[in-house]
Amino acid sequence: MSNNPEDPQAPVAASGSAVEAATDGPTVETGTELSTVHTDGWGPDGAGVPTDSVGHARNTPEHTQPYRELGLKDDEYARIREILDRRPTEAELAMYSVMWSEHCSYKSSKVHLKYFGETTTPEMRAKMLAGIGENAGVVDIGDGWAVTFKLESHNHPSYVEPHEGAATGVGGIVRDIMAMGARPVAVADPLRFGPADAPDTARVLPGVVGGIGGYGNCLGLPNIGGEVVFDETYASNPLVNAMCVGVLKSDDLHLAHASGTGNKLVLFGARTGLDGIGGVSVLASETFSGDESGAGRTKLPSVQVGDPFTEKVLIECCLELYRSGLVVGIQDLGGAGLSCATSELASAGDGGMRVDLDEVPLRAPGMTPAEILSSESQERMCAVVQPSDVDAFMQVCEKWDITATVIGEVTDGDNLEVYAGGELVVDVPPRTVAHEGPVYERPVARPAEQDLIAEDNPNTLPRPGTPDELRDTVLRMAASPNLASRDWVTGQYDRYVRGNTVLAQPADGGVLRVDEDSGRGIAVATDCNARYTRLDPYRGAQLALAEAYRNVAVTGATPLAVTNCLNFGSPEDPGVMWQFQQAVRGLADGCVELGIPVTGGNVSFYNQTGVKSILPTPVVGMLGTIDDVTRRIPTGIGEEDGETLLLLGDTREEFGGSEWAKVTHDHLGGTPPEVDLAREKLLAEVLRAGSRDGMVSAAHDLSEGGLAQALVETALIGETGARVVLPEGADPFVWLFSESAGRALVAVPRSEELRFTEMCSARELPCTKIGVVDTESRSLEIQDVAAIALTELREAWEGTLPQLFG
Amino acid sequence: MSAPATENSRTPAADGARIGVITFPGSLDDVDAQRAVRRVGAEAVALWHGDHDLHGVDAVIVPGGFSYGDYLRCGAIAKFSPVMTELVEAAGKGLPVLGICNGFQVLCEAGLLPGALTRNAGLHFVCRDQWLQVENTTSLWTTRYEPGAELLIPVKHGEGSYMADRATLDELEGEGRVLLRYVDGNPNGSARDIAGITDARGRVAGLMPHPEHAIDPLTGPTDDGLGMFLSALDALVAA
C-alpha cells in the first residue's frame with residue numbers, strides 16, 4: 001500500500017501527463033447478481049453487536065471516544081468533528097486515526113519533503129514517466145521499458161516479531177510495485193541491527209533473515225543487494241528496510257487510480273481477519289462492554305502473518321488481469337488495510353465510493369466495521385473494474401484460485417460511504433482521510449553536542465605503526481562485523497530465480513537483465529553510512545547518495561534515479577528534526593548536482609528506545625541502467641591473466657566516522673569525509689567508458705574500511721592473489737584505511753593499461769597504479785607491510801557471521 | 001560443451017523435439033526451465049497443473065519452486081494435481097521426466113523416484129554455487145557428461161537432504177542410479193552426498209541442483225547444466 005498518499009517527495013507530474021484517465025466508456029449494468037467466488041465468510045453484523053452508525057453518531061454527540069488511545073491529539077479529534085460536523089463513528093474514528101498517523105500521513109515530514117519537489121529541475125523530471133509517483137517512482141530506461149522501484153521500512157514489527165515482521169515487509173513492498181502495473185523482478189534489503197555479539201541480535205537477525213528469505217524465495221524474486229550493518233544504537237530498534245524493483249513496458253502505464261461512476265470495486269486475494277488491528281481493538285473493548293470472551297474476539301498478535309504462496313499467485317493473477325486489460329485502477333492493501341485503500345482510491349478518483357462491508361470475505365466471526373476497515377491481513381489487493389469486465393475479472397481470479405468479491409462501486413457523490421449490516425457507518429470526504437491530514441511544523445534545533453562531536457578528532461587516535469600492527473589491523477578489520485562477509489545472510493536468499501541475475505551479492509551493486517534479446521539491464525544499490533550522518537547529517541546524506549551512485553557505477557551502469565528510506569528518531573525531538581531536515585536538504589541538493597531525480601521515498605520516525613535514538617539513517621536506493629549486461633564489470637580480480645590494479649580518486653587523511661575508528665577505538669567523532677559529487681560523476685563516466693570499451697576487468701568501490709578492505713574483498717571474491725605497492729612516500733596507514741569518498745579500485749588488463757590511464761589523465765581523474773594481480777600467488781602481498789595468505793584472509797572475512805549466528 | 005548462441009535459434013536436429021514444463025501455483029523456476037529447453041533448440045511447451053493431458057510432449061520437466069506453497073510437505077499436494085496423474089501414467093510408459101529441486105520432491109512424493117527430501121542439516125535455506133561429480137553417464141539426462149566430470153551448478157533449497165532407507169541407498173548405488181554427488185562440501189546433509197538419482201530405466205531423473213540456472217556464465221556460475229538438456233535432446237532426436 002502507499003503509506004504516502006501524495007508522496008510529497010515525488011515531483012509533480014509534468015503537464016500533458018501521459019497517464020490515461022479512467023476509461024469512462026459506457027458502463028453497462030449487467031442487472032445480474034454478481035456471483036462472488038467465495039461467499040462463506042462471516043458477516044460483520046454477527047453476535048448482536050450494536051452498530052455505531054452515522055445516524056447514531058449524530059444523535060449521540062456527547063459520547064466519549066477513545067481517540068487518545070488511538071493516537072489522535074485533542075486538536076486532531078476536534079478537527080475530525082469539524083470536518084464531519086458531528087462526532088465520528090467508531091469506524092470513522094478508526095479510519096482517521098490510522099490514516100492520520102505519522103506512518104500514513106507524513107505529518108511531521110511533509111514540510112521538509114516538499115524540498116525534493118522544489119529542487120527537481122525539468123531535466124531531472126524528464127527522466128521520469130509523468131503522472132506516476134504515488135506508490136513508487138517510474139523511470140524510462142529505453143527501448144520501451146520502464147522500471148519502478150521503492151524502499152520501505154518495516155522496522156518496528158521486525159523488532160517485535162523478527163521473522164513475520166521482515167517477511168510482511170517484503171510482501172508489502174512487492175504489492176506496492178504490483179500496484180504500479182509492473183512485474184516485480186528483484187528485491188534487496190538494507191538491514192541494521194544492534195551489536196553483532198549482543199544476545200538480542202542473535203534473536204532478531206536470524207529471524208529477520210529467515211523471514212526475508214522465507215517470503216522472498218517463495219515469491220520467486222531474486223535478492224540482489226542490500227546491506228547488513230551493526231551499531232549499538234539499533235539494539236532495541238533494528239532497521240528492516242525492503243526494496244523491490246519492478247519492470248513494465250512504458251506503454252502499460254495506464255493503471256492510475258481511476259474513477260468512472262458505476263465501476264465496481266473488487267477486493268481480491270486473502271480473506272480479511274483480525275491480524276494487525278492492534279490499536280483499533282481499543283474501540284471494541286470500549287464500545288462493546290469489553291466482552292472479549294465471545295466468539296472471534298480472540299486477540300491476535302499485532303504483527304501480521306504473511307503467506308508468500310498467496311502473494312506469488314496474486315502476482316501472477318494481477319499480471320494476467322493487467323495483460324487482459326481488465327483493471328481501471330488498483331491499490332494494494334497493507335498498513336491501514338481497507339481504510340487506506342478505499343480512501344486513497346476514492347480520493348484519487350473524481351467521484352465518491354460506496355462500500356458494503358457485509359461483502360468482505362472474513363476469516364474471523366463477529367468482526368466490527370472498524371476492525372474490518374483496519375485489518376492488516378496480508379496479500380490483498382483492491383481493483384476498480386468496469387461492470388462489463390467483472391465476469392472476466394472473476395474468471396481470471398478463479399483460474400488462480402484467488403478469492404475475489406465485489407465490495408462496492410464508484411458513485412457520482414462526493415463522499416466515501418461504507419455500509420455494514422445495512423447501516424451507514426462511514427460517510428466522509430475521502431480526501432480528508434487520505435490526503436488532508438494534519439501537517440506539523442515541528443521545532444528544529446541543531447543540538448549543541450554536534451560541536452563537541454566535531455571537535456573529537458579521530459586523527460589523534462593511536463595508529464598502527466609497524467608492519468605487524470598494520471597486518472593485524474587488516475585482518476581485524478576484515479573480520480569485524482560490519483566488514484566481514486555477508487554470505488551467512490545472503491546465502492539464505494535465492495539470487496538465481498528467473499535467470500536474469502547478472503551480478504548479486506557480494507558485488508557492490510546488483511545487475512539484472514531486463515530484455516533477453518537486447519541485453520538491456522538495470523543495476524541497483526542501497527547505501528547509508530549512518531556514522532557519517534551522525535557527524536554531519538547534510539554531508540552524511542550526500543555521502544550515502546555518493547556511495548549508492550558509485551556502487552551502481554562500478555558495475556558499468558549509468559545511475560538514473562533515486563529512492564530513499566529515511567529512518568530517524570522521534571520527530572518530537574528538535575535535534576532529530578534538525579538531522580532530518582539536514583539530511584533531506586543534503587540528499588535533494590546532491591541529486592540536483594548529480595542531475596538525477598528522487599522518484600519517491602519513505603519516512604520512518606520514532607526509531608528510538610527511551611531517549612536514545614538511532615543513528616540518523618537515510619538509506620539511499622539507486623537505480624541505474626546498462627545497455628548491454630554482458631558488459632557488466634565484476635567485483636573479483638583474476639578474470640584475465642595479467643591485470644594491473646589502479647586506484648582511482650584522491651586519498652586524504654579522513655578518519656571521521658571511519659570503520660577503523662569504530663573497530664579499533666570504538667570512536668565516533670570528527671567530521672566525515674569530504675564529498676565531491678562532480679568527482680563522483682567523473683568517476684562514473686570513466687567506469688562506464690571502461691566497461692563499454694572493455695578496458696576494465698574488475699572494479700570495486702572504496703568505502704568502509706578503505707583500500708585495505710577493497711583489496712581483501714576483490715582478491716577473495718576473485719579467488720586470486722595480488723601484489724600491492726603503495727606510492728613512494730605514502731603513509732601506509734592512511735592509504736590502507738582512510739575512507740575518502742570518490743574512489744574505486746579497478747583491475748585493467750595489461751593490454752589496456754595505457755589506453756585506460758591516458759583516458760584518466762585526459763579526463764583529469766587521478767589514477768594511481770598500486771599493484772598487479774598475481775594469478776600464481778595465493779596471497780595478498782602489500783609491499784613493506786604484509787603478505788597474507790588468501791586462506792588466512794578468508795578465514796577472517798568469512799568466519800565472523802557464522803561464528804556469531806551458527 | 002557447445003550450445004546454440006541464442007535461445008531462439010534451433011539446431012536442425014532439434015526440430016520437432018517438444019519438452020513440456022509444468023507450472024503449478026507456486027512454481028518459480030518454470031521460466032528458467034523453459035529458457036534452458038529453448039537454449040538447446042527444443043520447443044518449450046507450458047503445461048498447467050490443471051491440465052488433463054500432456055499435449056503430446058516428448059519429455060517433461062517438473063521445475064523448482066514452492067508448488068502449492070509446499071504446505072503440508074514439499075511436493076505433497078502437487079502430486080494430486082490432474083497433470084501429475086497424467087505424468088505418472090506417461091512416465092510408466094517411458095516418457096522422459098526430469099524433476100529439479102521442488103520437481104524432484106514432487107517426483108519422490110508421486111512415487112516415480114524412491115526416497116524423500118528433508119530439511120537441510122543446517123536448518124537454513126542454502127543458495128550457493130555447488131560442485132558436483134557426475135556418477136552416471138548412461139541415463140537419458142546425463143549422456144553428454146564424462147564419467148567423473150565435475151560440474152559447478154547452483155543449489156537453492158531449504159529441504160534438499162536426500163533420505164532413503166539403507167536398502168534403497170544400496171540399491172541405487174549398486175545399480176549405478178546415483179546421477180550426481182555433492183563434492184567439496186555437502187550443502188544439506190544428503191545421505192551419501194547424493195544430489196540426484198534416476199529410476200531403473202534411466203528415463204525419470206530428479207536432482208536438487210539447478211542445471212537450468214547454469215546454462216550461461218552471464219547469469220549462472222557456468223554453463224555446466226546445459227549437458228542435461230542436450231542429453232535429453234540427443235535421445236529424443238535419435239528416437
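Mentor: A salt bridge, as the term is used here, is a side-chain nitrogen of Lys or Arg within 4 Å of a carboxyl oxygen of Asp or Glu. The model we are discussing is predicted.

Trainee: How many salt bridges does the rule find across the interface of chain B and chain A?

Mentor: Side chains of opposite charge can pair when their charged atoms come close. A:Arg495 and B:Asp129 form a salt bridge, with their closest N and O atoms 3.9 Å apart, and this value lies within the cut-off of 4 Å. Across the interface of chain B and chain A, the number of salt bridges found by the rule is three.

Trainee: Which element of chain B gives the most residues to the side that touches chain A?

Mentor: Between chain B and chain A there are nine residue pairs in polar contact. On the side of chain B that touches chain A, at least two residues each come from helix H1 (30-39), strand E6 (126-134) and strand E7 (150-157) of chain B. With four residues, the element that gives the most is E6(B).

Trainee: How do the residues of the side of chain B that touches chain A divide into nonpolar, polar and charged?

Mentor: The contact takes 31 residues from chain A and 30 residues from chain B. Those on the side of chain B that touches chain A divide into eight charged, eight polar and 14 nonpolar.

Trainee: Which three residues supply more than any other three of the area that chain B buries against chain A?

Mentor: About 2400 Å² is buried between chain B and chain A, and carbon and sulfur atoms give 58% of that area. Of the area that chain B buries against chain A, 26% is supplied by three residues, namely B:Cys127, B:Leu218 and B:Thr219.

Trainee: How many residues apart are B:Arg39 and B:Asp216, which link distant parts of the chain?

Mentor: The salt bridge between B:Arg39 and B:Asp216 has its closest N and O atoms 3.8 Å apart. B:Arg39 lies in helix H1 of chain B, whereas B:Asp216 lies in the loop between strand E11 (204-207) and helix H5 (226-238) of chain B. Both B:Arg39 and B:Asp216 are buried, and the number of residues that separates the pair is 177.

Trainee: Is B:Glu109 buried or exposed?

Mentor: B:Glu109 forms a salt bridge with B:Arg73, the closest N and O atoms being 2.7 Å apart. The pair joins helix H3 (residues 102-109) of chain B, where B:Glu109 lies, to the loop between strand E3 (59-62) and helix H2 (82-92) of chain B, which holds B:Arg73. B:Arg73 has a relative accessibility of 45% and therefore counts as partly exposed. The relative accessible area of B:Glu109 is 18%, so B:Glu109 is buried.

Trainee: Why does B:Arg177 count as buried?

Mentor: B:Arg177 and B:Glu171 meet through their side chains in a salt bridge of 3.4 Å from N to O. B:Glu171 has a relative accessible area of 40% and is therefore partly exposed. Buried means under 20% relative accessible area, so B:Arg177 counts as buried because its value is 8%.

Trainee: Which residue does the side chain of A:Glu753 meet through its own side chain in a polar contact?

Mentor: A:Glu753 lies in helix H26 (residues 753-763) of chain A, and A:Glu753 is buried because its relative accessible area is 16%. Leaving aside residues up to four places away in sequence, A:Glu753 touches A:Thr644, A:Val748 and A:Lys769. The polar contact, at 3.5 Å between side chains, is with A:Lys769.

Trainee: What is the relative accessible area of A:Gln542?

Mentor: A:Gln542 sits in helix H20 (residues 537-553) of chain A. Not counting residues up to four places away in sequence, A:Gln542 touches several residues, among them A:Gly586, A:Asp589 and A:Val675. A:Gln542 is buried, and the relative accessible area is 8%.

Trainee: How far apart do the end C-alpha atoms of residues 63-107 of chain A lie?

Mentor: In the unreviewed UniProt entry, residues 63-107 of chain A carry the feature "domain: Phosphoribosylformylglycinamidine synthase linker". This span is 56% helix and 0% strand, and its end C-alpha atoms lie apart by 28 Å.

Notes:
Residues numbered from 1 in each chain as written. Chains lettered and ligands numbered in written order. Predicted model: local features only at pLDDT ≥ 70, side-chain atom pairs only at ≥ 80, totals over all residues. Heavy atoms only, no water. Contact = heavy atoms within 4.5 Å. Buried area = accessible area lost by both parts, 1.4 Å probe. Polar contact = N/O pair within 3.5 Å; in protein donor to acceptor, adjacent residues only side chain to side chain. Nonpolar A, V, L, I, M, F, W, Y, C, P; charged D, E, K, R; others polar. Buried < 20%, exposed > 50% of the residue type's maximum accessible area, 1.4 Å probe, protein only. UniProt positions renumbered as here; feature names shortened; annotations may be inferred.
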